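Please look through the structure below before reading on.

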Amino acid sequence: MLRDKMAEMPTTTALGVEVPDSLSAKYTGSFAYFTVKDRLPQILTKAVDTVHRNMETFFEKYGQEGVEAEKRAISLMSKLRNELQTDKPVLPLTDGLPDADQWNEYLEHLQAGPDTEEPSWFKSPWLYMECYMYRRIQESLQLNPPMCDFDVFNEAKTQSFFTSQQAIIAICTYFLEMKNKIKCFKDTQLKAEFLLLTQVALWGNRCDLSISGGRENSQKLNPLTSLESLKPSILVDDSEFVWEVLINRKKNKTSETTCTRIDIVLDNSGFELVTDLILADFLLASGLADVIHFHGKSIPWFVSDTTKKDFDWTLKQMQAANHMQMSRCGVMWEKNMNQGVWIYHDHLFWTLPHEFCDMPLVAHDLYAELQKSNLIFFKGDLNYRKLTGDRKWSYTVSFDTALRGFQPAPLCSLRTLKADIQVGLKPGQGEQLAASDAEWMISGRFAIIQFSNSYQT
């Protein structure tokens, strides 16, 4: 039973290091506090406004039943906003979705913990409360058919894609010109292109609508022109180690039937997703990978996170684009899906509140699936927060330590910093950054390419 498994969750790392407290809004003045106090209510307000603006659409599709459902959904989201702003206790989920029991058992686990106070918005772990808000938004819709499938963030995601069109055209044009010559590339040329496209995918992570409170946050300029100037802002750059894993795997293939599998745990839709797809296409075209497995969210999440609907919509928009290079990429990518060399998954675990070190216990099937991978890319800030437990680690604690035993395969985080958690820095590096830029951990101006391969040891 899940409750029994949760009792087995580790309280210390595999190396015996004491685990620090979770980031939380109880620390007044922290980014978690600012998020719960200001950003989350803003996102809820925008969600309510979006539902209200679509009232005519609901009426046209569903008649008066749609209008009544819209009113009830708005009422539930408004109630949720009030609970948040007045620090009410966390409530169990009641929508009966497949993950509801897991959410409720997680709540029971917190209630049975050493903290004598009831779990609530300004007292409980920030990671849990932020995930819980998005799950309650889904509940507000789920309890009011026929609105169950309505995505309150879809308009913002769509706008972000279209306002990034010039940047998308630029990277598609560059990639297709390079791909035409890729068969003639020596390893040094392949490596240079891999490093470049990895950096494009890295900085694509800045386009995060949950950080901007749902406001437009797209990529308007050609990202290739700024890569060199951004290199000093990469605080940890383990891309050489990642390259070694890929090229050694390619060189040491024992037969034609040996398959190299790369997994990409996605973050934002829109421009960032396109950069991920270009990196995935390059890995196939270069022979560094034979199959790519993408992992997205099963419900709308953190405003701009990629769902299957977003993934499919992006491929269709690319194919239908008036620009030839965008269209060509879209056609190739649809073909990759049809041929089974690109595979999309959306396991429920990605929208649970768990740290990733819990995965072997609470989602063993997903952990076993990831163990089949030769390399896993984890995109973005939320994935990094879950990798490291969203805890108050010191800057110099190693990435391996913060992972707390989560090592299904060699893994790499591609992340621009938008939360006050960062590990694996050199002594004094974090303090030096804090002295020169008070917002270095939350602005998206800095980034990491951070690798771990400790699963071998």
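D263 is a residue of strand β2, which covers residues 261-265; helices (H or I, at least four residues) and strands (E, at least two) are DSSP runs, numbered from the N terminus. The model is a predicted one, in which local features need pLDDT of at least 70 and side-chain atom pairs count only at pLDDT 80 or more, while totals for chains, interfaces and linings use all residues. Residues are numbered from 1 along each chain as its sequence is written, and side-chain values use heavy atoms, with hydrogens and water left out.

D263 has a relative accessible area of 0%, so it is buried. Here buried means under 20% relative accessible area, exposed over 50%, and partly exposed in between, with a 1.4 Å probe and protein chains only. Which residues is D263 in contact with, leaving aside its neighbours within four places in sequence? They are H293, H295, L370, S373, L375, I376 and F377, where contact means heavy atoms within 4.5 Å. L80, by comparison, is 183 residues from D263 in sequence, and the C-alpha atoms of the two are 35 Å apart in space.

F451 lies in β7, residues 447-452, and its relative accessible area of 13% makes it buried. Not counting residues up to four places away in sequence, F451 touches D238, F241, V242, V245, L375, F399, P410, L411 and C412. From F451 to K316 the separation is 135 residues in sequence and 33 Å in space, C-alpha to C-alpha.

Helix α12 runs over residues 271-285, and at 1.5 Å a residue its 15 residues should span 21 Å; the end C-alpha atoms are 21 Å apart, so the two values agree. The expected span is 1.5 Å times one less than the number of residues in the helix. Of the 15 residues of α12, 15 are buried, so the helix is largely enclosed by the rest of the structure. After α12 comes G287, with a positive phi near 80°.

Helix α8 (residues 165-179) packs with helix α9 (residues 187-204) at an angle of about 165°, and the axes are 13 Å apart. Axes are lines fitted to C-alpha atoms, for helices over the stretch in contact, and angles run from 0 to 180 degrees between N-to-C directions. The angle therefore makes α8 roughly antiparallel to α9; angles under 35 degrees count as roughly parallel, over 145 as roughly antiparallel, 65 to 115 as roughly perpendicular and the rest as oblique. From α8 the contact uses I171, Y174, F175 and M178, and from α9 it uses E193, L196, L197 and V200. By class these residues are seven nonpolar, no polar and one charged. Ala, Val, Leu, Ile, Met, Phe, Trp, Tyr, Cys and Pro count as nonpolar, Asp, Glu, Lys and Arg as charged, and the others, Gly among them, as polar.

Helices α13 (residues 308-320) and α14 (residues 324-339) form another pair, packed at about 135° with axes 6 Å apart. They are therefore oblique to each other. F311, L315, M318 and Q319 of α13 meet M326, S327, C329, G330, V331, W333, E334 and M337 of α14. This contact has eight nonpolar, three polar and one charged residues.

The last topic is the backbone. Most residues other than glycine have a negative phi, and most peptide bonds are trans. P145 and P146 are joined by a cis peptide bond, with omega about 10°, and P146 lies in the loop between α6 (126-142) and α7 (154-163). D87 is not a glycine, yet its phi is positive, about 55°. The loop that holds D87 is between α4 (64-85) and α5 (100-111), and D87 counts as buried at 18% relative accessibility. D390, also not a glycine, has a positive phi of about 55°. D390 sits in the loop between α17 (380-387) and α18 (399-403) and is buried, with a relative accessible area of 1%.
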